[in-house]
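This briefing is intended for reading alongside the sequence and the three-dimensional view. Please keep both at hand while going through the points below.

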Amino acid sequence: MRQRSTLVRCTEINSFIEVRNLIIDYTRIDEEGHSVLVKRAVNDVSFTIEKGSFVSVVGMNGSGKSTMAKALNGLLLPSEGEVLVDGMSTRNEDDLWNIRSRVGMVFQNPDNQIVSSIVEDDVAFGPENIGVPPEEIRRRVDDALRRVDMYDCKDKGAHMLSGGQKQRIAIAGTVAMRPECIVFDEPTAMLDPSGRRQVMDIIRELNNDGITCILITHFMEEAAQADRVIVMKDGKIYSDSTPDELFADRALIEGAGLEMPPIIDLREKVAALGVDIPESIVTTEQLEAFLRG
Amino acid sequence: MIRDITLGQYYPGKSAIHRLDARTKIIGTLAFIIELFVVNNFWGFLVAVVALFTVIGISKVPVKFIFRGLTAVFLIIAFTFIINMFLVEGKVLWHWGIFTITYEGLKRASFMAVRLILLIIGSSMLTLCTKPIELTDGLEKLLKPFSKIGVPSHEIALMMTIALRFIPTLMEETDKIIKAQEARGADFDSGNIIQRAKSLIPILIPLFISSFRIAQELALAMEARCYHGGAGRTRMNEIHFGRGDAWAAVCMVLFLGVIIASRFMGAAI
C-alpha cells in the first residue's frame, strides 16, 4: 500500500510546518507574582516537516515530545522561537483557527476527546466549529467515518465502543475537518494490540492519501513505519534520520534511553546465523516479505 | 443500580416521536409535567396514562426498558406514598398506636405516587426519543430569545451535551476507583450511616481530581478541533418545525383541554 508516487514527493518538497528555535518553558507564578521557570520542556528545537510526509517523534517520558506536538497547532505557544504552519505563525491570534483547521490533532486518551454522546454528532463537531454548511458537514462526516471503517456505528453511543473504536472516531472527527496535517499524540498508548494495529493502519492510509502525519509515540515498532524518525531527549532533538539509519545505530538508541524494536533484535539474530539480510528491514511486514521471498 | 437509571439515556429509533422537533418535545414534556400537577381526580390520571402510553406505543421504545428506570427511584416513590398515607387527616380507615390511615391519605398517597411515576416516565420519554445533541440544540434555540438579557444559551446547551456525554465515563471512573480502593481493603458496606458516609471520601476525592483532569484534556481536544464559542458555528442537522410537530401541537392542546375539563368534571362526580 505504500505507493505514494515519487512525482508527488519531488514536486512538493516544500515545507509545511517549520519550527524555528522553539523553546517552551513551563512556568509557575510565585507568591510575589513573578513567574518562575519550572521546566524547560522544549529547548531550542528546529526542524521542518514536508508536505505529505510521515514523521514520527520518539523519546522517553519527559523528553518534551508531547509538549512539542502541542506547539504545532498552537495549543501551546512558543516561549521563544517560532512555529510556522504554511507560513503562518502560531503566535498570530488571527491565524490560529485557520492553523488548527489545517493541523488536526488526535490525543492519547480516546475517552476524553469525544464531545458528543452519538458517534456522528461527535465527528461533526469540528466541521461545525469552522462553519461548514450543513449538507457539506453530512458529506464529510460520512466520508470520514468510512475512511476509519466506522460508518456502521454512526448512530451508536460513543460509550458503547471499544477503546480502539473510540480512537478511530477521534481520528474521523479530525479527518472531517479536512486538515492537511494530523498530529497524533501517542494515539495507541491506551489501546490493546488489535486497536493499536487498526489505528496504525488508518494512519498509514491517511498518509497514502496525502495527509501529512506526525506520530508521537513511544512504541519503536510504530516509529519504524514512518519515513523519518525524530528522536528527542531532554527537550532537544537527539537524532533525525530515516528509520533504517536510526535502527542501525544501537548506541544512539540506547543513548536516548530507548529500546530497539523487537523486530530489529530478531533481524540481527537472523543475520548472526549467517543470513544475508538488508539493514533496511525495520518492520514486521518487511521482514516477513523478505523471509518469504 | 446507577446503571439502571434510564433518565437521560437515548434509545435509538426512527419513530414519529423520534423525528419530532426537539423543541416540540421539550415544550410537550414541560406541559405534561405541569398538567400532572393540575390533575386532581381519577379520570384525569386515566387520560394522562392513556396519553403517555400512546406516546410510548408510537415511539416503539420497549416498555420494559422504560420501567427499568423506575426501579432506581422506587424508594423515593415508596417514601412519598407512606408519608402521605399516614400524615393526611380525614375519615379513619385503620388505626394502630400512632399510625392512622385515612381515606383521604390513601387517596392522596396514590395520586402522589402515580403522579411521580408518570412524571419520571414522561420526562425519560423526552430523553429516550431525542438524541442528546438535538435536545441541547432545541434547548439552545428555545433559550435564544433570552440571550438578549444575558442568558448564555449556547454555553448552557454545550454544558448539557458534555454532561450527558460524560455520565457513562464518570461512572466507569467511579467504578474503577471503588475497585481500586476495595483492593486496598476499603470497606464501603458496613458501619453506621456516618461511617458509611465517611468511607465515601476516598471515592469522591479521586473522582473529583480525575474529573478535573478529564475536563482539561477535553478542553484541549475541543480547542484542537477549532471550538471557539457559539459564534459562526453551523449545525449538521438543522432542527426545523415540520407537519408532525403541528399535529403534535394540536394533540397537546387537546390533551390540555381534556385535563382542565377533567378537573371540573371531577368536581361534578
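A residue is called buried here if 20 or more other C-beta atoms lie within 10 Å of its own, and exposed if 12 or fewer do. By that criterion, strand E1 (residues 92-96) of chain B is hardly covered, since the count of buried residues among its five residues is zero. The model under discussion is predicted, and it scores ipTM 0.85 and pTM 0.79.

**Confidence in chain B**

- Chain B has a mean pLDDT of 83, and 95% of its residues reach 70 or more.
- Among the elements of chain B, the lowest mean pLDDT, 77, belongs to E1(B), whereas helix H9 (residues 201-224) of chain B has the highest, 92.

**Overall build of chain B**

- Ten helices and two strands make up the secondary structure elements of chain B.
- Along the sequence, these elements of chain B follow the pattern α-α-α-α-β-β-α-α-α-α-α-α.
- Taken along the principal axes, the box filled by the C-alpha atoms of chain B is roughly 65 × 60 × 40 Å.
- Buried residues account for 23% of the 269 residues of chain B.
- Of the contacts in chain B between residues at least 6 apart in sequence, 75% join residues at least 24 apart.

**Helix H4 of chain B**

- Helix H4 (residues 63-87) of chain B has 25 residues and, at 1.5 Å a residue, should span 36 Å; the end C-alpha atoms of this helix are 33 Å apart, which agrees.
- At Val73(B), H4(B) bends by about 60 degrees.

**The hairpin of chain B**

- E1(B) is joined by four bridges to strand E2 (residues 99-102) of chain B, and the two strands run antiparallel.
- Within this pairing, Trp94(B) has Ile101(B) in E2(B) as its bridge partner.
- Two residues lie between the strands of the hairpin, in which Gly97(B) takes a positive phi near 60 degrees.

**The open sheet of chain A**

- Four strands of chain A form an open sheet with antiparallel pairing, in the order E2-E1-E4-E5.
- Strand E2 (35-50) and strand E5 (88-89) of chain A stand at the edges with a single partner strand each, so one side of each is left without a neighbour in the sheet.
- Strand E4 (residues 80-85) of chain A and E5(A) run antiparallel and are joined by two bridges.
- The bridge partner of Leu84(A) in E5(A) is Ser89(A).

**Nonpolar cores**

- The largest nonpolar core has 89 residues, of which Val123(A), Ala172(A), Val183(A), Phe184(A), Cys213(A) and Ile214(A) touch the most other members.
- Another core, of 20 residues, lies apart from the largest one and includes Tyr10(B), Ile17(B), Leu128(B) and Ala248(B).
- Leaving aside residues up to four places away in sequence, Val183(A) touches Ala69(A), Leu72(A), Asn73(A), Val103(A), Met105(A) and Ile214(A).

**Contact between the chains**

- Chain B contributes 29 residues to the contact, and chain A contributes 35 residues.
- On the side of chain B that touches chain A, the elements giving two or more residues are helix H6 (132-143), helix H7 (153-183) and H9 of chain B.
- H9(B) gives the most to this side of chain B, with eight residues.

Technical notes. Residues are numbered from 1 along each chain as its sequence is written. Chains are lettered from A and ligands numbered from 1 in the order in which they are written. This is a predicted model: local features need pLDDT of at least 70, side-chain atom pairs count only at pLDDT 80 or more; totals for chains, interfaces and linings use all residues. The expected span of a helix is 1.5 Å times one less than its number of residues. The bend at a residue is the angle between axes fitted to the seven residues ending there and the seven starting there. A nonpolar core is a set of buried Ala, Val, Leu, Ile, Met, Phe, Trp, Tyr and Cys residues joined through C-beta atoms within 7 Å. Two residues are in contact if their C-beta atoms, placed from the backbone, lie within 7 Å. Two strands pair if DSSP finds at least two bridges between them. pLDDT is the predictor's confidence in each residue, from 0 to 100.
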